[in-house]
Amino acid sequence: EKDGYAHFMLKEIHEQPRAIKDTLSGRIAAGDSGVTLKEINIPEEQLREMNKIFITACGTAYHAGLVGKHIIESLARIPVEVDIASEFRYRNPLLDRNSLVIVVSQSGETADTLAALREAKRKGARVLAVTNVVDSSVAREADDVLYTWAGPEIAVASTKAYTTQLVCMYLIGLYLAQQRGALGPGETAEIVAELRKLPGKVSAVLENGSDIENFVRQYSNCGSVFYIGRGLDHAVAMEGSLKLKEISYIHAEAYAAGELKHGTLALIEKDVPVIALATQADLFEKMLSNIKEVKARDAVVVAVAMRGLEEVAKEADQVMYIPRTHQVLAPVLAVIPLQLLAYHMAVARNCDVDQPRNLAKSVTVE
Ligand code: M6R
C-alpha cells in the first residue's frame with residue numbers, strides 16, 4: 001500500500017502533483033478566465049456586505065491559513081485574521097453575519113477546530129470549511145464545503161493536505177476577487193494559468209532531491225535549525241520548521257527574517273543551519289541582507305529561491321531552486337524541499353517517520 005516507498009510520508013510527498021491536479025479539477029474556468037466553485041453558495045448580498053474574514057485551524061492547517069491570509073488580502077482585498085483554533089474559540093472574537101469564517105482541517109475532526117466552527121455559527125457568521133474528508137464533522141456542520149482532493153493522508157506529518165489546502169486558498173481568493181470585482185482580468189488569467197502549471201512544477205522540484213540528501217548527511221546531528229523568510233516565505237518557514245520538529249525531533253524555529261536583530265540573532269553561531277526562503281521578488285533584497293547577517297556569524301545557509309533570483313548563490317552556501325511562477329504561488333513549490341529535508345533528517349536519525357512519538361493523526365480531544 002506504500003507503492004514501493006519506504007514510508008507513507010514519502011509516498012504522500014510524491015502524490016502532490018496528482019493531489020493538486022485533482023483539487024483544481026473542474027474548478028478552473030475554460031480560457032483561464034476565472035474559477036467556478038459550485039460548492040460555495042454564499043448569497044450575493046452577504047458576499048457584498050462581507051467585511052472581514054477569519055481563518056481558524058490547528059498545526060499545519062493553521063500554517064495554510066497564514067498563507068491564505070496573504071492570498072485573500074492581496075487578491076480579494078478583504079481583511080483577514082488568522083487564529084489558532086484553540087485560541088479563537090476562547091477569545092470571544094468579534095463576529096457577526098458580515099463575517100466569513102474559514103475553517104481548515106485535513107481530518108475534519110479536530111476538536112478545537114470543530115469547536116471554533118460551532119462558536120462562529122453561534123455568533124451568526126457564515127462558515128466555509130476546507131477539509132479532506134467527505135462527510136467529516138466539520139464538513140457536515142459548515143455552511144459551505146470546499147474539499148481538498150488529496151486522498152487519504154496516513155502519515156502523521158501532513159504534506160499533500162497542506163499543498164492542497166493552499167490550492168483551496170488560491171481558489172477562494174480568486175473566487176472572492178471575482179465576485180467583488182477586485183482583480184483585473186489580466187492578473188486573474190495569469191494566476192489561473194500558473195495554477196494549472198503547478199502540478200508539473202511540483203514534479204520538477206521532486207526530481208531534484210539530491211542536494212537535500214547531501215545536506216542531511218552533514219547536519220543530521222545538529223542541535224537546532226532556524227528557518228527565516230519574509231511575507232509568504234515566513235508562513236512557509238513556519239511549516240518547514242514544524243515538519244522538522246515533529247518527525248526528526250530536532251529543535252527548529254521559524255522567524256520573520258526582519259525580526260532576527262530583535263533577539264534571535266544571539267543564537268546564530270558557527271555552523272548553525274539556517275534555511276533562508278527567498279522566493280519573493282519584492283522582498284529579495286531585504287532577504288539577501290538577512291542572509292549576509294547570519295553568514296557574518298558563520299551560520300550555514302541553505303537558501304530556497306526561485307529561478308531568476310540566482311544572485312542568492314553568491315551569499316548562501318547552498319541553494320535549492322524552485323521553478324519560476326507567479327510569486328503568490330511560490331509557497332506550493334517552496335514547501336516541497338522543506339518536506340523532503342524533514343523526511344530525510346528523520347530517516348537519517350532513525351526516527352519513526354510515519355508515527356512520531358507523542359503525536360496522533362487526528363486530535364479529537366482538547
Ligand atoms: O486534521 P487537521 O488538519 O485538523 O489537523 C491539524 C493538525 O493536528 C495537523 O496539521 C498537525 O499539525 C500535523 N501533524 C502537522 O504535520
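Among the elements, α4 gives the most to the shell around the ligand, with three residues. Helices (H or I, at least four residues) and strands (E, at least two) are DSSP runs, numbered from the N terminus. This is a predicted model, in which local features need pLDDT of at least 70, side-chain atom pairs count only at pLDDT 80 or more, and totals for chains, interfaces and linings use all residues. Residues are numbered from 1 along each chain as its sequence is written, and side-chain values use heavy atoms, with hydrogens and water left out.

Around the ligand there are 13 residues, and Ser 105, Gln 106, Ser 107, Thr 110 and Glu 246 come nearest; to be near, a residue needs a heavy atom within 4 Å of the molecule. By class, this shell has four nonpolar, seven polar and two charged residues. Here Ala, Val, Leu, Ile, Met, Phe, Trp, Tyr, Cys and Pro count as nonpolar, Asp, Glu, Lys and Arg as charged, and the others, Gly among them, as polar.

| Residue | Protein atom | Ligand atom | Distance |
|---|---|---|---|
| Thr 60 | backbone N or O | oxygen | 3.1 Å |
| Ser 107 | polar side-chain atom | oxygen | 2.7 Å |
| Val 156 | polar backbone atom | nitrogen | 3.0 Å |

Taken alone, the ligand exposes 410 Å², and the protein buries 90% of that (accessible areas by the Shrake-Rupley method with a 1.4 Å probe).

Where does the ligand sit? Its place is the largest pocket, as more than half of its atoms lie within 2 Å of the pocket's grid points. A pocket is an open set of points on a 1 Å grid over the protein atoms alone, where a 1.4 Å probe fits, with protein on both sides within 12 Å along at least five of seven lines; lining residues have an atom within 4 Å of a point. The lining of the largest pocket has ten nonpolar, nine polar and five charged residues.

Notes: Polar contact = N/O pair within 3.5 Å; in protein donor to acceptor, adjacent residues only side chain to side chain.
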